[in-house]
Amino acid sequence: MVCTCCEAFAQAPLPSRPIERGRPRPGLLAHVLVGKYCDHLPLDRQSKIFAREKVDLHRSTLTDWVGRSTALLEPLADHIGKLVRAGPALFADDTPIKLQSKLKPKKTQTARLWSYVRDERPRNGTAPPCAWYQFSTDRKGEHPVNHLSGYTGTVHADGFAGFNGLFGDDKAGEQACMVHVRRKFVEEAERTDAAIAKHAIKLIAELYVVEKEVRGKAPEERVALRQEKAKPIFDELEVWLQAQLSKISGKTKLAEAIRYALNRMPKARAYLSDGRLELDNNICERSIRPIALGRKNYLFMGSVGGGKAAAIAYTLIETAKMNDVNPETWLTWVLERLPDHKINRIDELMPWEWERTRHLGNLPEVL
């Protein structure tokens, strides 16, 4: 604006944008992120979709937007990681993903995305569920040890040796997964129709009947019911498997399944006396399904930076979904506010806070 008397002019500062001096508004950035990491649309495919609407957005432009927006959102992902590690128990797993090699551009190497989940809903907990993802270029055990450094709760995990560094005195406790135990017997039953494998599956199924009964109850009630109904079944299964092992050849797949079960069951027993624990690691298994769907579409990560951006995006999107929040609507709202938001109040931008505030009538239904 210019004064008509003295010709002095004043210019209002531009509003903050997610990408400084960038064209995309928060809604477009959120749409691209959710398109790739929730709806499994590679950026090249999104570029072609925009082109059909006469909008010229090259894949390299979208790649730059993803990198810049996830860098801005990284404090939220870090905060979710702290919340996951603050719980008395968490679930851990990893899944492979292809990474383009720097030395051989036409080749890929196998990288990993690690998933850590806190979900207290099965025991009627009040903490909001969270999923935290981390990227690494290999599967060395040092990665989960670094991710969960200082954690002293209980970690639900499979038998992967890389998790062993988490457990011990003054470290985390271990809760083994009975689904992995059952899986080996299912494979053997399908292959040979072995009666021993089928009976083991039947006893494990009885454990899950008890779990269906305790789901949603307080930890104290869960322990009481498990001690009364599940412990006798668990003890019977363990003793019975030990007896069967001496009756069959030790070189068979069935013997291998029994040895695996007898090795893991003592580490699964903790759930019987701790109502905060689960019988399996299925909660974390579900958290890596979106990654499995995504990698079938975008095939590989183009760089280490792309892998880290994916971990941030998956953390935010999957956490929003776990809390029944529309990830695109929430991310649009976050990206509008984040550039000017104080870092020490990052908890106010969490999806459950947004949902609570919206229901109080302070936010529109659709942004």
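How many aromatic pairs does the rule give? The count is eight. Rings of Phe, Tyr and Trp (its six-membered ring) pair if their centres lie within 6.5 Å; planes under 30 degrees apart are stacked, over 60 edge-to-face, and the rest tilted.

This is a predicted model: local features need pLDDT of at least 70, side-chain atom pairs count only at pLDDT 80 or more, and totals for chains, interfaces and linings use all residues. Residues are numbered from 1 along each chain as its sequence is written, and side-chain values use heavy atoms, with hydrogens and water left out.

**Aromatic pairs**

Two of the pairs are tabulated here.

| Pair | Centre to centre | Angle between planes | Class |
|---|---|---|---|
| Tyr37 and Tyr314 | 5.3 Å | 75° | edge-to-face |
| Phe160 and Phe163 | 5.5 Å | 85° | edge-to-face |

Helices (H or I, at least four residues) are DSSP runs, numbered from the N terminus. Tyr37 has 1% relative accessibility, so this residue counts as buried. Tyr314 is buried too, at 0%. Buried means under 20% relative accessible area (1.4 Å probe, protein chains only). Phe160 and Phe163 are both buried.

**Charges over rings**

Arg139 lies over the face of Phe160, 3.7 Å from the ring centre. Lys36 lies over the face of Tyr298, at 5.2 Å. The rule requires NZ of Lys or CZ of Arg within 6 Å of the ring centre and within 35 degrees of the ring normal.

**Nonpolar cores**

A nonpolar core is a set of buried Ala, Val, Leu, Ile, Met, Phe, Trp, Tyr and Cys residues joined through side-chain atoms within 4.5 Å. The largest has 69 residues; Leu73, Leu76, Val155 and Trp330 touch the most other members. H11 supplies the largest share of this core, nine residues. Leu76 touches residues including Leu316, Trp330, Val334 and Leu338, leaving out those up to four places away in sequence. Contact here means heavy atoms within 4.5 Å. A second, separate core has 35 residues, among them Phe185, Leu203, Ile204 and Phe234.

**Cavity**

There is one cavity of 30 Å³ or more. The largest cavity holds about 70 Å³ of space. A cavity is a set of points on a 1 Å grid over the protein atoms alone where a 1.4 Å probe fits but cannot get out; lining residues have an atom within 4 Å of a point. Grid points are joined across faces, edges and corners, and the volume is the space filled by probe spheres set on them. The lining includes Arg118, Asp119, Glu120, Arg123, His156, Arg276 and Glu278.

Note on methods. Buried means under 20% relative accessible area, exposed over 50%, partly exposed in between (1.4 Å probe, protein chains only). Helices (H or I, at least four residues) and strands (E, at least two) are DSSP runs, numbered from the N terminus. On a 1 Å grid over the protein atoms alone, a cavity is a set of points where a 1.4 Å probe fits but cannot get out, and a pocket is an open set with protein on both sides within 12 Å along at least five of seven lines; lining residues have an atom within 4 Å of a point.
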